[in-house]
Amino acid sequence: MPLPLPTRYTLEVRVGNDEDIEEWLATDADLDRPVLIRMLGPESTMTRRAEFLEAVRGAAGITHPNVAQVFAAIEINEGVYSISEWPGGIRLSDRSAADLTLDPRAATANAEGLARALAALHETGQFHGALDASSIFYGPGRPAKLGAFGRPRRPLSDVVALAGTIDQALTGRPAGSVPPSEVVDGVSPSFDRALSLAFNGESSASQFAEALASVPTPKSRRAGEPPVVTPWIRLVLTLLGVATVLILLGSSLRSDPASVPDGNSGTIPPLASSTTLAASEQQPTNPTLPAQVRLLSIVSIDPLGDGQEHPENNANLFDRNTATAWKTELYRDPLPLIKGGIGLVIEVSGTPTELIVHSDSIGTQFELYWAQANSNSLTDWSLVSREVIEDTTDNTPLPRRTGGFWLIWLTDLPAVGDDFATSIAEIELR
């Protein structure tokens with residue numbers, strides 16, 4: 001049960017538990033804004049409540065663009081709770097769970113910002129104490145924000161924890177397992193050194209920030225420009241080249257004897273007079289090959305609202321013309337404050353391996369589902385991944401599913417002036 005709150009706060013959605021802390025998305029009616037409420041209930045001990053209040057009140061004194069602002073920390077008979085900025089519903093850990101790594105430019109810029117935020121916290125004598133990917137909020141187009149203050153303390157140093165978190169978010173591999181510059185295009189070896197010193201406990205937060213500030217910003221690759229070949233990638237390419245040569249050599253040694261020069265005459269038998277096979281000689285079609293992928297229809301749905309979302313523009317989603325688009329309605333408040341989402345149901349034949357979304361609505365968040373039969377209930381769909389549109393062309397690899405229906409369930413929309421909306425120009429399944 002949530003704690004009793006002042007009437008100015010209306011609980012909207014229970015976000016879940018952050019260890020022993022219950023989290024709610026709420027509305028502050030007095031200021032007309034969304035807030036995040038974190039609470040410890042009657043089951044918590046007095047020692048735990050005191051630890052929570054100390055951490056939250058310490059963070060409340062920090063004003064920094066990479067810190068989720070804390071507005072209040074309150075103690076009542078039934079427990080304690082904090083009121084803080086709502087930085088969006090996506091944490092760095094959600095991206096990792098969806099197998100999404102950080103863009104190198106975003107990683108280097110936000111790494112420095114988070115290190116400076118941590119330095120600002122340490123300068124006041126405070127420590128986060130439980131920093132990991134789930135304590136960092138991040139959405140494209142916004143600065144990453146350090147939050148989740150008041151967790152039970154852990155023995156790991158804040159700086160070590162931050163370095164490991166950044167490393168794993170960038171490479172998608174366990175922290176410290178491989179230098180990022182060896183597996184990520186454009187990352188400088190100086191970024192490796194900065195992470196390594198921090199990860200080994202040899203840097204303070206401010207020293208870590210200064211080291212990151214000196215790292216060259218990775219360049220965005222222009223269309224058609226070849227990727228940077230790192231030593232690790234070069235090794236793989238070399239091995240592939242050797243393997244190709246061996247395969248070709250083996251193939252030539254195993255050629256049909258009829259095409260090998262006759263050892264006695266020294267001549268090669270003439271080629272067949274025609275390279276076109278008669279119908280009776282043609283190889284049969286392999287029945288195991290997947291059928292051609294065809295996008296049959298796309299229908300917009302709003303099951304938590306009026307049932308539909310601009311259906312007159314549905315055809316724009318697959319007319320092979322990115323100049324036309326389907327758009328959501330303009331929402332006055334962030335979508336999570338209003339409803340759980342809106343969707344696009346895609347009927348397909350064949351076995352697609354990739355979903356491509358063309359959209360300039362950077363920051364749009366969606367969940368991708370699949371079902372054999374269409375349904376208005378999310379419980380009938382299988383969750384495939386959680387995605388964030390970070391570029392005008394968003395590519396999502398798909399698990400092997402033949403036919404059926406795919407559901408793009410939009411869960412958060414970017415700001416458009418004072419409102420919130422998403423525009424999608426084209427959807428492809430390949």
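1. A term to start with. A crossing of two helices is left-handed if the near helix is turned anticlockwise from the far one by less than a right angle, and right-handed if clockwise. The crossing of H3 and H6 in this structure is left-handed. Point 4 returns to this pair.

2. What kind of model this is. This is a predicted model, where local features need pLDDT of at least 70 and side-chain atom pairs count only at pLDDT 80 or more, while totals for chains, interfaces and linings use all residues. Residues are numbered from 1 along each chain as its sequence is written, and side-chain values use heavy atoms, with hydrogens and water left out.

3. The overall picture. The protein has 8 helices and 19 strands. Helices (H or I, at least four residues) and strands (E, at least two) are DSSP runs, numbered from the N terminus. Of its 430 residues, 45% count as buried. Buried means under 20% relative accessible area, exposed means over 50%, and partly exposed lies in between (1.4 Å probe, protein chains only). Now take the contacts with a separation of 6 or more: 68% of them join residues 24 or more positions apart. Contact means heavy atoms within 4.5 Å.

4. Helices H3 and H6. Two packed helices are described by the angle between their axes and the distance between the axes. Helix H3 covers residues 104-123 and helix H6 residues 205-213; they pack at an angle of about 160°, with axes 8 Å apart. That makes H3 roughly antiparallel to H6. The axes are lines fitted to C-alpha atoms, for helices over the stretch in contact, and angles run from 0 to 180 degrees between N-to-C directions. Angles under 35 degrees count as roughly parallel, over 145 as roughly antiparallel, 65 to 115 as roughly perpendicular and the rest as oblique. H3 brings Ala-111, Glu-112, Ala-115, Arg-116, Leu-118, Ala-119 and His-122 to the contact, and H6 brings Ala-205, Ser-206, Phe-208, Ala-209, Glu-210, Leu-212 and Ala-213. By type, the residues of this contact are 9 nonpolar, 2 polar and 3 charged. Ala, Val, Leu, Ile, Met, Phe, Trp, Tyr, Cys and Pro count as nonpolar, Asp, Glu, Lys and Arg as charged, and the others, Gly among them, as polar.

5. Helices H5 and H6. Helix H5 (residues 189-199) packs with H6 at an angle of about 170°, and their axes are 9 Å apart. H5 is therefore roughly antiparallel to H6. The contact uses Phe-191, Ala-194, Leu-195 and Ala-198 of H5, along with Phe-208, Ala-211 and Leu-212 of H6. The residues of this contact divide into 7 nonpolar, no polar and no charged.

6. Salt bridges. The structure holds 20 salt bridges. A salt bridge is a side-chain nitrogen of Lys or Arg within 4 Å of a carboxyl oxygen of Asp or Glu. One of them joins Asp-18 and Arg-38 (3.0 Å, N to O). Asp-18 lies in strand E1 (residues 9-18) and Arg-38 in strand E3 (residues 33-40), so the pair ties together parts 20 residues apart in sequence. Asp-18 is buried, at 6% relative accessible area. Arg-38 is buried too, at 2%.

7. Two further pairs. Asp-132 and Arg-151 meet in a salt bridge (3.0 Å, N to O). Here the pair links distant parts of the chain, 19 residues apart: Asp-132 is in the loop between H3 and strand E6 (136-137), and Arg-151 is in the loop between strand E7 (145-146) and helix H4 (158-171). Both Asp-132 and Arg-151 are buried. Arg-116 forms a salt bridge with Glu-112, with the closest N and O atoms 3.0 Å apart. These two are 4 residues apart in helix H3, so about one helical turn separates them. Arg-116 is partly exposed at 30%, and Glu-112 is partly exposed at 23%.

8. A network. Which residues are linked in a network of salt bridges? They are Asp-18, Glu-19, Glu-23, Arg-38, Arg-91, Asp-132, Arg-151 and Arg-154.

9. Backbone points to check. His-310 has phi near 45°, a positive value in a residue other than glycine. His-310 sits in the loop between strand E8 (294-301) and strand E9 (326-327), and is partly exposed at 28%. Arg-320 also has a positive phi, near 60°. Arg-320 is in the loop between E8 and E9, and counts as exposed at 83% relative accessibility.
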